[in-house]
Structures are given as C-alpha cells and as structure tokens.
Amino acid sequence: MKRLIVLCVIFVLVISTVGCNQSERKPSYIDFINELKIHQNGISYSIKDIDGNGTEDLIVLNNTSLSVYTYKNKILSVGEHKFLTGTVRFFYSDKLDFPGIFYFTASGGINHYGYMTITNDEFCVEELWTEDYSGISESKNKITEISKDKDLIKESKRQYEAGNDISFVKTNID
C-alpha cells in the first residue's frame, strides 16, 4: 500500500513538472494582445512556432504590417515587415522542415513569393521567386527564382496553390 501511495505521489510530481515546462514553452499572449489592441484598432493575430524551437510565437497583422513576438522569460519583439501593398496573403506549411510563414504579394505587374522565419533571434524575410503576369519585365521567362533553396520555392508554390491561408483572429476595441 505504501508503495502505491509513493508511486502516486511521484506520478503527480512528474505530471506537474511536465505541465510547468509546457507552460513555459506556450506563453499566454492574451494580456499582451489586449494591450496592443488598445493602441491599434483592428489588429489580427495568429500563434505558431515559426522557428521550430518549441516556443510559440505571436504573429500580429495590422493593415499591411506583420510583427512577430516571442517569449524568453518575457514577451520580446523579434521584428516587423511592412508590405507595400494590400494584396498580401500568408501561409503556414504543414511540413516540419518549413516552420515559418510563406507570403504572396502582387504589385507592379509582378507576383512576389517569399518566406519569413526567425533565425538566430532575428526576424528574416526572404524573397523566393517572382512571376511576371503583365510582361513588364520584358523577359521571356515569366518565373524568376531568387532563392537557391529549391525545396523552399517548391513548398511556397504548393502552399499558394493549395490556398492554405493563415486564419488570423481578428480583434476589436471592446
């Protein structure tokens, strides 16, 4: 009987310790989002680990500006990217090799495709490839690959064609 009680106590301690570690990796961004929406009306957000380090990141969309925050003992701003056009779409991949955010924009007769992630604690934005749909570049090849990472380009195309757009949660001032 004593062994059973000891085993139960050990089990409860292990479960509570695991729970504490998981809560450290999955921060609650709710208070932070509520503070943001006081100063910025109509923001939208999504939460996902975009660098594969086990900590979920907060992705905030405000008009055409995308900001990324992470948690390391407190909420930290990682970076921001302002898109110059309102024609922008964002995609998450279901493949672990691509934890970041794929994006699509259209401007000046050209479709732009890229990838955003966190590398060495910095927000990185990389244009992957372009597609000239208007003939403005006067190139015979409508597709221009900018990145040397063929797998990243292939996944970008797959996400766009599948229409796997991120579902951002919209906020409003209460």
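The following questions and answers examine a predicted model of a protein chain.

Student: What percentage of the residues in the chain is buried?

Tutor: A residue counts as buried when its relative accessible area is under 20%. The chain has 174 residues. Buried residues make up a share of 39%.

Student: Is S5 largely enclosed by the rest of the structure or largely open, and how many of its residues are buried?

Tutor: The strand has five residues, and the number of buried ones settles the matter. S5 is largely enclosed by the rest of the structure, because the buried residues number four of the five.

Student: Which residue of S6 is the bridge partner of Tyr92?

Tutor: Strands of a sheet pair through backbone hydrogen bonds, either parallel or antiparallel. For S5 and S6 the sense is antiparallel, over five bridges. In S6, the partner of Tyr92 is Ile101.

Student: Is Leu66 buried or exposed?

Tutor: Leu66 lies in strand S3. Leaving out residues up to four places away in sequence, Leu66 touches Ile59, Phe90, Ile101, Met116 and Phe168, among others. Its relative accessibility is 0%, so Leu66 counts as buried.

Student: Which are the edge strands of the open sheet of five strands?

Tutor: The order of the sheet is S4-S3-S2-S1-S10, with antiparallel pairing. An edge strand of this sheet pairs on one side only. The edge strands are S4 and S10 (169-170).

Student: Which residue in S4 does Thr70 stand opposite?

Tutor: S3 and S4 pair in the antiparallel sense over seven bridges. Opposite Thr70, the residue in S4 is Leu76.

Student: Which strand supplies the largest share of the lining of the largest pocket?

Tutor: The largest pocket has a volume of about 180 Å³. Its lining includes His81, Lys82, Tyr103, Thr105, Ser107 and Glu127. Strand S4 (75-82) and S6 each supply at least two lining residues. The largest share, three residues, comes from S6.

Student: Is Asn63 buried or exposed?

Tutor: Asn63 lies in the loop between S2 and S3. Although Asn63 is not a glycine, its phi is positive, about 60°. A residue counts as exposed over 50% relative accessible area. At 68% relative accessibility, Asn63 is therefore exposed.

Student: What is the relative accessibility of Asp121?

Tutor: Asp121 is placed in the loop between S7 and strand S8 (122-132). Phi of Asp121 is also positive, near 65°, in a residue other than glycine. Asp121 counts as exposed because its relative accessibility is 56%.

Student: What distance separates the C-alpha atoms of Asp94 and Glu155?

Tutor: Asp94 lies in the loop between S5 and S6, and it counts as exposed at 61% relative accessibility. Leaving aside neighbours within four places in sequence, Asp94 is in contact with Glu155, Arg158 and Gln159. Asp94 and Glu155 are 61 residues apart along the chain, and their C-alpha atoms are separated by 9.9 Å.

Methods
Residues are numbered from 1 along each chain as its sequence is written. This is a predicted model: local features need pLDDT of at least 70, side-chain atom pairs count only at pLDDT 80 or more; totals for chains, interfaces and linings use all residues. Side-chain values use heavy atoms; hydrogens and water are left out. Buried means under 20% relative accessible area, exposed over 50%, partly exposed in between (1.4 Å probe, protein chains only). Two strands pair if DSSP finds at least two bridges between them. On a 1 Å grid over the protein atoms alone, a cavity is a set of points where a 1.4 Å probe fits but cannot get out, and a pocket is an open set with protein on both sides within 12 Å along at least five of seven lines; lining residues have an atom within 4 Å of a point. Grid points are joined across faces, edges and corners, and a volume is the space filled by probe spheres set on the points. Contact means heavy atoms within 4.5 Å.
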